[in-house]
Amino acid sequence: MAKYIGAIDQGTTSTRFIVFDRSGQVAAVAQKEHEQIYPQPGWVEHNPEEIWQNTREVIWEAMARGRLEAGDLVAVGITNQRETTVVWNRKTGKPVTNALVWQDTRVADYVSEFAQNGGQDRFRSRTGLPLTTYFSGLKIRWILEHVKSAREQAEAGDVIFGNIDTFLIWKLTGGCLSGVHITDVTNASRTQLMNLETLSWDKEILNVFGIPEAMLPRIHSSSETYGLAKERSILDVPIAGILGDQQAALVGQACFEPGEAKNTYGTGCFLLMNTGTRKIDSTAGLLTTVGYKFGDQQTHYALEGSIAITGALVQWVRDNLGLIEKSSDIEFLARTVNDNGGVYFVPAFSGLYAPYWNDSARGVIAGLTRYANKGHIARAALEATAFQTRDVLEAMEKDSGVKLDVLRADGGMVADDLLMQFQADILDRPVVRPVTKDATTALGAAYAAGLAVGYFKGLSDLRTNWAADRTWTPNLKNGKRDEMYNLWKRAVTRSFDWVS
């Protein structure tokens with residue numbers, strides 16, 4: 001009898017395959033990074049074929065490490081970096097160009113063009129999203145207008161679109177021969193092409209953006225059997241769950257009640273609050289998105305605060321400045337000083353996301369004096385994540401009318417004790433790290449797949465699995481907290497409108 005459930009976790013910098021047992025504990029894991037491609041300033045690309053090959057390899061490796069066979073898995077779920085846009089030929093299986101990553105800003109001119117008639121919030125009432133470079137819809141338009149013959153092939157139904165979840169499921173279920181072309185409601189809600197009320201593609205927006213509906217995947221729930229895997233390592237295992245990575249973390253953290261929230265510290269930082277079956281339209285710069293939809297149950301919505309650059313800033317300090325050898329070294333370097341020395345780092349490398357939505361902002365380091373050293377730079381880089389989270393949390397409490405008593409934190413950066421303590425300090429509330437701290441997104445996808453096939457009986461099973469690992473409590477005087485946050489806000493204004 002099958003004992004385990006698998007999850008593909010396809011992120012911005014790497015791909016993992018993780019096998020979980022019924023209690024949510026990791027039984028086997030494999031991970032592989034992929035190349036980050038920067039053709040010119042503001043452009044960020046991935047090679048979809050490399051991601052697909054890495055996915056195949058990590059599945060095989062994790063199964064081998066766990067000495068598992070396909071029959072040991074009841075199902076596989078998928079979670080993915082959202083908004084990253086892949087367009088490929090359904091007859092050859094080949095992408096027409098590299099994937100345009102969610103951080104890519106090349107569509108900024110489109111944002112300005114479409115905002116002239118109705119402003120930046122032109123489509124917010126239907127999609128929950130402002131016009132910005134972040135989402136998939138305008139990226140699709142760019143590919144159709146800049147890749148030779150792409151539009152003609154799309155209108156003929158030969159060239160199709162998907163975020164990474166769609167591309168991988170198409171490949172896993174047989175590709176050119178039998179691949180299913182689908183997505184789930186969480187990923188569809190990040191394209192700026194889906195109506196949040198009807199959960200279907202919005203024909204008016206498609207017409208405005210010039211995107212043929214024939215190239216779009218069918219929209220499904222987040223938890224159902226979509227097809228059987230054709231990949232040998234997991235042959236005939238049902239693919240049964242799909243969640244965008246941040247919604248997957250919401251599920252993995254068992255935030256099933258309205259008002260429960262989590263923050264995921266990864267390449268970017270994403271704070272989501274479950275708002276139940278009620279869609280809340282943000283007035284404070286947040287996104288309204290689909291949280292999850294399990295089978296034929298009601299759709300649950302969420303408010304989201306998206307921050308583009310957090311863990312990516314640590315990578316930048318490592319790779320571009322050469323101040324550290326590996327990402328985890330930043331905590332040691334930051335601890336060589338007692339405070340930030342008056343230095344504030346606003347990492348607006350891709351503009352500013354929530355709650356500012358300023359595409360023309362760029363990164364700044366403010367407050368430098370000859371006293372500042374590399375330790376202060378490292379500390380300011382870490383503190384930037386905590387400051388940005390406070391910006392988003394305050395906007396979320398304003399929109400929802402709910403004061404968060406505690407923040408549930410997950411993702412790779414939560415291993416950094418210095419960052420987590422400062423996060424509690426600058427928020428003035430406890431921060432809790434769960435036992436499953438760096439596999440929460442994958443766990444959410446596994447939960448969705450497990451619910452679909454009856455491996456888990458209901459949400460109570462998932463709540464039972466959640467447990468706290470460590471809690472940080474605030475330890476900063478109010479005057480100092482206010483002083484630091486005010487300086488941060490001043491530094492943010494210095495980043496505005498850098499690009500004309």
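The structure is a predicted model, in which local features need pLDDT of at least 70 and side-chain atom pairs count only at pLDDT 80 or more, while totals for chains, interfaces and linings use all residues. Residues are numbered from 1 along each chain as its sequence is written, and side-chain values use heavy atoms, with hydrogens and water left out.

Helices (H or I, at least four residues) and strands (E, at least two) are DSSP runs, numbered from the N terminus, and two strands pair if DSSP finds at least two bridges between them. Seven strands make up an open sheet with mixed pairing, and their order is β17-β18-β16-β15-β21-β22-β23. At the edges lie β17 (287-292) and β23 (468-472), each of which pairs on one side only. From one strand to the next, the twist averages 30°.

Strand β15 has partners on two sides. With β21, the pairing of β15 is parallel and covers three bridges; Asn263 has Ala409 of β21 as its bridge partner.

How many of the residues of β15 are buried? Five of its five residues are, where buried means under 20% relative accessible area, exposed means over 50% and partly exposed lies in between (1.4 Å probe, protein chains only). In a regular strand, side chains alternate between the two faces of the sheet. In β15 both faces are covered, with Ala261, Asn263 and Tyr265 buried on one side and Lys262 and Thr264 buried on the other.

Further along the sheet, β16 (residues 269-276) and β18 (residues 300-307) run antiparallel and are joined by seven bridges. Asn274 faces Ala302 of β18 in this arrangement. Helix α12 (residues 374-400) packs on the sheet and touches β15 (261-265), β16, β18 and β21 (407-410), its direction making about 145° with that of β18. Contact means heavy atoms within 4.5 Å; axes are lines fitted to C-alpha atoms, for helices over the stretch in contact, and angles run from 0 to 180 degrees between N-to-C directions.

A helix pair comes next. Helix α2 (residues 108-115) packs against helix α4 (residues 136-146) at an angle of about 110°, and their axes are 10 Å apart. That makes α2 roughly perpendicular to α4, since angles of 65 to 115 degrees count as roughly perpendicular, under 35 as roughly parallel, over 145 as roughly antiparallel and the rest as oblique. On the α2 side, Tyr110, Val111, Glu113 and Phe114 meet Leu138, Arg141, Trp142, Glu145 and His146 of α4.

Asp109, found in helix α2, is exposed, with a relative accessible area of 64%. Its C-alpha atom is separated by 9.9 Å from that of Thr132, 23 residues apart along the chain. Asn89 belongs to strand β6 (residues 85-89) and is buried, with a relative accessible area of 12%. Beyond its neighbours within four places in sequence, Asn89 is in contact with Lys94, Gln153, Asp158, Val159 and Trp170. Gln103 sits in the loop between β7 (99-100) and α2, and Gln103 is buried at a relative accessible area of 7%. Not counting residues up to four places away in sequence, Gln103 touches several residues, including Thr12, Val44, Thr267 and Tyr353.
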